[in-house]
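Please keep the sequence and the coordinates at hand while reading.

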Amino acid sequence: MPTWMVVEDEPDLFNVVLAMYALLEVDGIAFSSGEETLYWIDDVDNGLTSAQLPEMALLDIRLPGQVSGPMIAERIRQSPVLGSIAIVMMTAYKLSPREEQMIRAQSG
């Protein structure tokens, strides 16, 4: 069974994504903050987790706190363990063309 991760702070969207995972018969690794996600990535890179590793990451672009979705995407790409997984950026907000361009540049 494939494993996907989701990083989403909105409880309703978080639950929709997890329900979608169940329908698609996908195991999920879920986080509600960017900071929590970065700690987990560090643990993966240091061999400190035995969890099934994800094949794809669904990342909310806008997260509360200091760590955004594009920052998580950048950290995933730097990871020797997770660096090649698929990344999908998502948001419930309409982005301006400038914001879209910035997101593309950051998640390269």
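Among contacts in the chain between residues at least 6 apart in sequence, 67% join residues at least 24 apart. The model is a predicted one, and its secondary structure comes to four helices and four strands, which follow one another along the sequence in the pattern β-α-β-α-β-α-β-α.

**Overall build**

- The radius of gyration of the chain is 13 Å, close to the 13 Å that the globule rule gives for 108 residues, so the chain is as compact as a globular protein of that length.
- Of the 108 residues of the chain, 37% count as buried.

**Packing of helices H2 and H3**

- Helix H2, which covers residues 34-45, and helix H3, which covers residues 69-78, have axes that come within 10 Å and cross at roughly 5°.
- Because angles under 35 degrees count as roughly parallel, this crossing makes H2 roughly parallel to H3.
- On the H2 side the contact is made by Gly34, Thr37, Leu38, Ile41, Asp42 and Asp45, while H3 contributes Ile72, Arg75 and Ile76.
- Sorted by class, the contact of H2 with H3 has four nonpolar, two polar and three charged residues.

- Side chains of opposite charge can pair when their charged atoms come close.
- With a cut-off of 4 Å between side-chain nitrogen and carboxyl oxygen, the count comes to two salt bridges.
- Arg75 forms a salt bridge with Asp42, in which the closest N and O atoms are 2.9 Å apart; since Arg75 lies in helix H3 and Asp42 in helix H2, this pair ties together parts that are 33 residues apart in sequence.
- Asp45 forms a salt bridge with Arg75, in which the closest N and O atoms are 2.7 Å apart; with Asp45 in helix H2 and Arg75 in helix H3, this pair ties together parts that are 30 residues apart in sequence.

Technical notes:
Residues numbered from 1 in each chain as written. Predicted model: local features only at pLDDT ≥ 70, side-chain atom pairs only at ≥ 80, totals over all residues. Heavy atoms only, no water. Axes fitted to C-alpha atoms, helices over the stretch in contact; angles between N-to-C directions. Helix = DSSP H or I, 4+ residues; strand = E, 2+ residues; numbered from the N terminus. Parallel < 35°, antiparallel > 145°, perpendicular 65-115°, else oblique. Contact = heavy atoms within 4.5 Å. Nonpolar A, V, L, I, M, F, W, Y, C, P; charged D, E, K, R; others polar. Rg over C-alpha atoms; globule rule 2.2 N^0.38 Å. Buried < 20%, exposed > 50% of the residue type's maximum accessible area, 1.4 Å probe, protein only.
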